[in-house]
Amino acid sequence: MNKLEEKAVSLLQSGVKLILGYEKGDKGARPFFCHTPEDASKLIYDEHATTNLATYILKPELMGHDKVAVCATLRTLRAIAQLASENQIKEENLIVFTITEEGNGDVKEFSGIDEINSYLTDKELEVAQLYKELDEKLSGMSREEKWSFWVNEFSRCIKCYACRAACPLCYCTRCITDVNRPQWIDPWPSPMGNMEWQINRVMHMVGRCIGCGACTKACPVGIPIGYLSRKMLNDLSEEFGYIPGQAMKDGNSLSTFKPEDKENFIH
Amino acid sequence: MEKRYINKEGLAKWFGSILNSGKRVYAPVRHGEKVDFHQVHSLEDVAEDYIQTTLSAKSVIFPRAEVLFSYKKDNKEVTLEDFNPDSVPETVIWKIRPCDAAGFIPLSDIFNGGYDDVVYAAHLNKTTLVSFSCAKADDFCFCTSVNGSPGATKGSDIQLTILPDGGAIVEIITDKGMALIKSAEDCFEPAKDEDKAKYLADVPVYFDLNTVHDKLKEAFSSDIWKQQSERCLGCGACAFVCPTCACFSIEENSKGSHGQRIRCWDSCGFSMFTQHTSGHNPRSTQSQRWRQRILHKFSYMPERINDFGCTGCGRCSRACPVDMNIREHLTSIVK
Amino acid sequence: MSKIGVFICHCGENISATVDCQRVAEELSKVDGVAYSIDYKYMCSDPGQTLIKQAIKEHNLTGVVIGSCSPRMHELTFRKTCAEAGLNPYMCEIANLREHCSWVHEKGEATTEKAISLVKMLVEKVKKDHPLTSIQVPITKKALVIGGGIAGIQASLDIANCGHQVILIEKDPSIGGHMSQLSETFPTLDCSQCILTPRMVEVAQHPNITLYTYAELDSVDGSIGNFHVTIRLKAKSVDPKKCTGCGTCSSKCPQKKIPSEFNAGLGTRTAIYVPFPQAVPNKPVIDKEHCNYYQKGKCQLCKKVCPTDAIEFDKPDELLKEDVGAIVVTTGFNVLKTDFFPEYGYGKYKDVITGLQFERLASASGPTLGEIRRPSDGQIPKKIVFVACAGSRDPAKGIPYCSKICCMYTAKHAMLYQHKVHDGESYVFYMDVRAGGKNYEEFVRRAIEEDGVKYVRGRVARVYEKDGKLIVKGADTLLGGAPVEIEADMVVLATAGVSNNGAEQLAQKMHISYDSYKFFAEAHPKLRPVETNTAGIFLAGACQAPKDIPDTVSGASGAAVKVAGLFSQSMLVREPLIAVVNRCAPPLFSTCVGCFMCETACPYHAIEHEEIKNRNGDVIKTVAKVNPGLCQGCGTCVAFCRSKSIDIQGYTNEEMYAEVVSLLNN
Amino acid sequence: MDNNESEFEPKIVAFVCNWCTYAGADLTGTSRIKYATNVKIVRFPCTGRIDFMLLLKAFANGADGIIVSGCHPNDCHYTSGNFHARRRWIAFRHLLEIIGVDVRRIRFSWVSAAEGAKWGDLVNETVANIRELGPYTEYTKVAQYVEKEDNNE
């Protein structure tokens, strides 16, 4: 029995009803809902797993009054920290643990959100290779070329909202896309409606995106949507005073301000 | 069914003649790692070496979004511009997979069952499907478990089976198919004595479809739906890539004095799909929506239109962000 | 189905001169949902309003759009008109055809087209409008008056005499303000102190007035009817309850050379001091910046000599929290620094002084006990030059505006000088004499004709010293610019009146607007001269612009009436243009997801948490709720809310969206 | 403006706050300062209220240019609405730049209630700039697709 399985079994035996973790799937690690100690042997830990388990923490049909434990990757931890700052986490029913980076499979259980926050302080948020390449490609483009690049990318979108569903921070009870008075975003898949949807997503993510890349990985047609939020996250961090990958306290970038905020375009 | 043979040069010439005839031609086109149907203008545009397109060819006949009619208000007078079936150009879908072509059978049963959906029928009637039998398959393919096969001709107008010499066995299934052959008769040679089965991929049978159908009759209240759908995120990827999913929504593109009524894809997997104005949602949980998806395809459709709503293309499993594998779930239902 | 009435006003010819009003009305009659459309010469006139009312009744109108002047002008008028005809006032919208169209464009097709699309835009808005009902908020019937000059004194007394509680705060140790520094006042030449001090005493004794001197506004929260203010009571170092005002401490204070603010720097005071003999309250404070104890750590002489042990060192400032319903700002003005004019030699030559310093010289309570003696040697100046517009009306070096009071006080100064120095000669350099006001022109004429003051029209180029005289060089523009040179004994500069120190910060604290000179801005320069754009905050006196005493006092009484009027209501009725978090049917209850980021965005702390409970009393979810008493309707939360769960009444998402779509499609 | 019909007349929407810029534009009128007819004002209570989606909708519906204007920093009638707006525009404009939207077509400004002349100049400058840039067909073309015309790129 490895340390992860041991931990899972002991949690399940001590009153935890569900452990959110990963199991082996057809395309690498996939989310796994472990309800019984017998199933605990199926649990695997994969820090590269693309599904952010924090997404499930917000689902009322999964999260009742029972205690739930999450086997969290760094990405999941980041999401949980951000969600906590947005009043979305019921700490009393949630146990969060991770497998430490040292490599011997040690399990670390967090005492609470504060400890998660401090655990994250020295964990730098890296930029994915795909995004770096895209950065390079786009930096060589004229404005018109960028525009036609993104129009083409977005025209492939089928509005399946897998990006929204996979994102741990897209938790609105009613998404803006479902608002029809007024119809802010064309509900049918069309290049402009798709683009408006993504612009909204990025604007809604300003200072909130935790850069987990779940949206890009979820997109069935392969649009690198996460690039936009990720780039904004880095580009605006200094300006708005947050550290990418760490939760902001007391509001987020667009709900707060500094009187001395700098811009060079308002005349 | 008539058969012909076409050699490599003939194939290119025939394809060229189709393009020159002014028909729109849709074929798989590579975009990075993904291959999907797009309009093509030469044979070089057509992708090689892939198992399956991400999306089915459904959108050629049932577009992602389509204007049903437009309206204009002027000086309190309203003028309507209805959908014009003549505006749909003659179209050829080239290199469609047999499972995709088969998908149009249940789709047509839904749209044209009882009466013809004018918009859908206009596209269908103007479209000729040239399928290519499958020489390769992957672990997600399971056509043989749902009454299909890598060389099934159901739904196709013409089917080609590519031979090692670059030529192909040509099977002409419908009159529409024959018309497309006749337009370039000289490209073809008489059929050779070739065993098509030799060139087809081997797709194992994973489960017995009739057992699935029988088991589902009793399964409405089963716990299996919750177990299977626990990790489902509730996105619409599976429905949108599916060749038989027909759910749509009617939307209004209003600009005040003018606008359009638009039909676009929707998915029973979305929580808002069944949301009532009252606030009540008859399918309020994801497990209920997952159950609907499976029951609809494997229980209700066979009963209502005598056809299953699945052709075993495996797209939903490939597209699912959380690796919900329909083949795996159907197999577990049988067990 | 909407039945909208469109009313296009010609505004005499203000609109119709460049906009084809008839065509606008015609075009609008073709718009979907418009049931009635007409143009008329004066919509705001009585017959115009009657026209609207009749149309509402006859055509059962569900909404009204009026194409007229700016909504900032007549929105309220027309909303009332609609209400009188039984239509919800918030179903009335104004298209700005005058300020934003007819007055800024030439006559032509494009102008009329623009007018049409502006009205159409509002028609689309009205279609999305919802009837709204006013919000009622309880009122705390206590006023805060900031600034104890004549304006603050008058406003406090007037409000207090209406039977309401007033808190008057003054940053200096005594109330009285600039008026207490003045010698005699134009145009009647009565003694300023004589008319002011009784009122100061009245303030101190009034049962409805609580006076805090040496006090400043620290912060303001809340809104009209319910402000929460924090007042900083600066440590006086003297316990006013124990102090009897005997003055022993001041007489023993070793720091005696501090320039007296009250005497405009012409006299001195001690570190523990009463600013002037008639001060209210007449109890000293310790000026920490000059006190030996506070600066060097030892002395405490005053503490030793105080017979009542009233001196209390090292007490911190106190913060006092009060709830008030209205605020009157009467923080007054200041005089322009004279270093703008090195050529006049102020600061370099002792005998070049400001008008305010001259007031002190002429004042019986001043450093010379009312004799005009020059600061350098105490001699009586025999020739004196008054320079009007020393900074005013000078966009290049000073301020572009007219300080308004200088013409009059300069005439007064010259007159006072002639009365006191019978053989003296006085010259006034002026640009124009502005003597608009009751008995003002006569007063100036008297100075010239009866007292022989010599008026020279022209600017002074420079002042320099030569052989103990001040040489004033200028030009007489009435004599074709002939150079004038006067050997004067003293020069008095009528320095410009400017906004008070810290006015900008104070305005920002209270969220009131101010102009580019940092004078506080009225809600309307003519029709709402004592109100600010922030409801419940009123203005009076020279904090708005330089003003003379009669204007200041009438403004103060005006502000007081506004406060009393507000307090005369049992409930405050507020416009319902506020944000609302949606509520809907269960099981959703609200689309708000409870992220409460709106809470961090709201400048008014108007977002509250509401727990939604099921029948068993269990909390199902916690969602945001807007406190209608606190929300001011800025809508920042609306633009921020990701799920569009907050909307703002009167500027809803649907309304704004419809406006944009209409502008670009119709 | 002038009668040259061949000249491109840009459609420009101005999103302004009620307290400063709207009042400033009123003052432009009261001062009888003339400006181009191309700009039409939509009144908001505060710049903090201006949703970035409305800007996108303006472009999608055929606007060639946009003006966004409100109170100067520290002058907001609601204390901080303009500060919030400023942050929003910093982020929004940056995103538009990444995507390749022509941000030259959005003119951000602060115009106070006292700056009637500034409003007139702002309008005329913006109209001239947008006239030079030409119609924003690049955007409206995309907005008009229901299905993208398949050009296989």
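I count Ala, Val, Leu, Ile, Met, Phe, Trp, Tyr, Cys and Pro as nonpolar, Asp, Glu, Lys and Arg as charged, and the others, Gly among them, as polar.

**Ground rules**

I am working on a predicted model, where local features need pLDDT of at least 70, side-chain atom pairs count only at pLDDT 80 or more, and totals for chains, interfaces and linings use all residues. Residues are numbered from 1 along each chain as its sequence is written, chains are lettered from A and ligands numbered from 1 in the order in which they are written, and side-chain values use heavy atoms, with hydrogens and water left out.

**Entry 1: cavities**

I looked up cavities next. On a 1 Å grid over the protein atoms alone, a cavity is a set of points where a 1.4 Å probe fits but cannot get out, and a lining residue has an atom within 4 Å of a point. Points are joined across faces, edges and corners, and the volume is the space filled by probe spheres set on them. I found 14 cavities of 30 Å³ or more.

I took helices (H or I, at least four residues) and strands (E, at least two) as DSSP runs numbered from the N terminus. Helix 8 (237-241) and helix 9 (286-305) of chain B each give at least two residues to the lining of the largest cavity. Helix 9 of chain B gives the most, with four.

The second largest cavity has a volume of about 180 Å³. Its lining has 17 residues, and the closest to the centre are Ile94(C), Met121(C), Leu122(C), Tyr22(D) and Arg43(D). I noted at least two lining residues from each of helix 3 (71-84), strand 4 (92-96) and helix 5 (109-128) of chain C, and from strand 2 (39-44) of chain D. The lining of this second largest cavity has ten nonpolar, two polar and five charged residues.

**Entry 2: cysteines**

I searched for disulfides (pairs of cysteine sulfur atoms within 2.5 Å). The count over all chains is one. Cys20(D) is joined to Cys71(D), S to S 2.4 Å. The S-S torsion of Cys20(D) and Cys71(D) is about 100 degrees, so I logged the disulfide as right-handed. The two cysteines are 51 residues apart and link distant parts of the chain: Cys20(D) is in the loop between strand 1 (12-17) and helix 1 (21-30) of chain D, Cys71(D) in the loop between strand 3 (65-70) and helix 3 (81-99) of chain D.

I then checked burial (under 20% relative accessible area is buried, over 50% exposed, in between partly exposed; 1.4 Å probe, protein chains only). Cys20(D) is buried at 8%. Cys71(D) is buried at 3%. Cys157(A) is in no disulfide; its nearest cysteine sulfur, that of Cys163(A), is 6.6 Å away. Cys157(A) is buried too, at 10%. Cys187(B) is buried at 6%.

**Entry 3: a sheet in chain C**

I counted two strands as paired if DSSP finds at least two bridges between them. In chain C, three strands form an open antiparallel sheet in the order 11-12-17. Strand 11 (215-223) and strand 17 (318-324) of chain C are at the edges with a single partner strand each, so one side of each has no neighbour in the sheet. Neighbouring strands here are turned by 20 degrees on average, direction ignored. For the axes I used lines fitted to C-alpha atoms, with angles from 0 to 180 degrees between N-to-C directions.

Strands 11 and 12 (226-233) of chain C pair in the antiparallel sense over eight bridges. I picked out one bridge: Asp221(C) has His228(C) in strand 12 as its partner.

Conventions. 1 Å grid on protein atoms, 1.4 Å probe; cavity = no way out; pocket = protein on both sides within 12 Å on 5 of 7 lines; lining within 4 Å.
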